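Here is a briefing on a single chain.

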Amino acid sequence: MTRGTEQELIRLLHGELPAERARELRERLAAEPELAGDYQRLERTWNGLDLPPAAPVPAGFSGRVMAHARSLPKPARGLSWSAAPVWVRATAAAALIAGAALGVGAGRSWPAAETVSTEASPATVSSLSGSEYNLADGYWDVIEDATSTNNSTTSGSAEIER
């Protein structure tokens, strides 16, 4: 019996094989007595395993663990850049630089404001009454409402321009 066949028999024993593959393997077990004997040996071994009962947690265990955690030096208790290996810090720095470079490159590839067509009208939505509602005006109405409530509580706020 090969290692792959033994692993498939174990997966069959545990019920982990897909239905089609399990059916094929059961047909093969019926046709090959030597393989069927190997499967029966694995099944007897599996059924003979008895796990020991779970041991109870000793009294005061959680208190000792917490006391030990409190006694550890501060960097060992939390995440810290100084506790990170050098390669982790170097990789993070390289990722930050690469992200900034990609952001600058992407920003330069956007069309300039003058080249963007201004012929498109703002999106409008027809209401149930048949009148059209301009989404852009609705957006600015919401912004103005939000800033007017903030302006009443905060002095010196600049007014938003359209």
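The model is predicted: local features need pLDDT of at least 70, side-chain atom pairs count only at pLDDT 80 or more, and totals for chains, interfaces and linings use all residues. Residues are numbered from 1 along each chain as its sequence is written, and side-chain values use heavy atoms, with hydrogens and water left out.

**Overall fold**

- Of 162 residues, 9% are buried (under 20% relative accessible area, 1.4 Å probe, protein chains only).
- The chain has seven helices and two strands. These are DSSP runs numbered from the N terminus: helices are H or I with at least four residues, strands are E with at least two.
- Their order along the sequence is α-α-α-α-α-α-β-β-α.
- Among contacts (heavy atoms within 4.5 Å) with a separation of 6 or more, 28% join residues 24 or more positions apart.

**Helix 1 with helix 3**

- The axes of helix 1 (residues 3-14) and helix 3 (residues 33-48) come within 10 Å and cross at roughly 55 degrees. Axes are lines fitted to C-alpha atoms, for helices over the stretch in contact; angles run from 0 to 180 degrees between N-to-C directions.
- That angle makes helix 1 oblique to helix 3. Under 35 degrees counts as roughly parallel, over 145 as roughly antiparallel, 65 to 115 as roughly perpendicular, and the rest as oblique.
- Helix 1 contributes Thr-5, Glu-6, Leu-9, Ile-10, Leu-12, Leu-13 and His-14 to the contact, and helix 3 contributes Leu-35, Asp-38, Tyr-39, Arg-41, Leu-42, Glu-43 and Trp-46.
- The contact residues are eight nonpolar, two polar and four charged. Ala, Val, Leu, Ile, Met, Phe, Trp, Tyr, Cys and Pro count as nonpolar, Asp, Glu, Lys and Arg as charged, and the others, Gly among them, as polar.

**Helix 1 with helix 2**

- Helix 2 spans residues 19-31; its axis comes within 11 Å of that of helix 1, crossing at roughly 110 degrees.
- The two helices are therefore roughly perpendicular.
- Thr-5, Glu-8, Leu-9 and Leu-12 of helix 1 meet Arg-21, Ala-22, Leu-25, Arg-26, Arg-28 and Leu-29 of helix 2.
- By class, this contact has five nonpolar, one polar and four charged residues.

**Helix 2 with helix 3**

- The axes of helix 2 and helix 3 lie 5 Å apart, at an angle of about 115 degrees.
- This pair is therefore roughly perpendicular.
- Arg-28, Leu-29 and Ala-31 of helix 2 touch Pro-33, Leu-35, Ala-36 and Tyr-39 of helix 3.
- Six of the contact residues are nonpolar, none polar and one charged.

Terms used. Buried means under 20% relative accessible area, exposed over 50%, partly exposed in between (1.4 Å probe, protein chains only).
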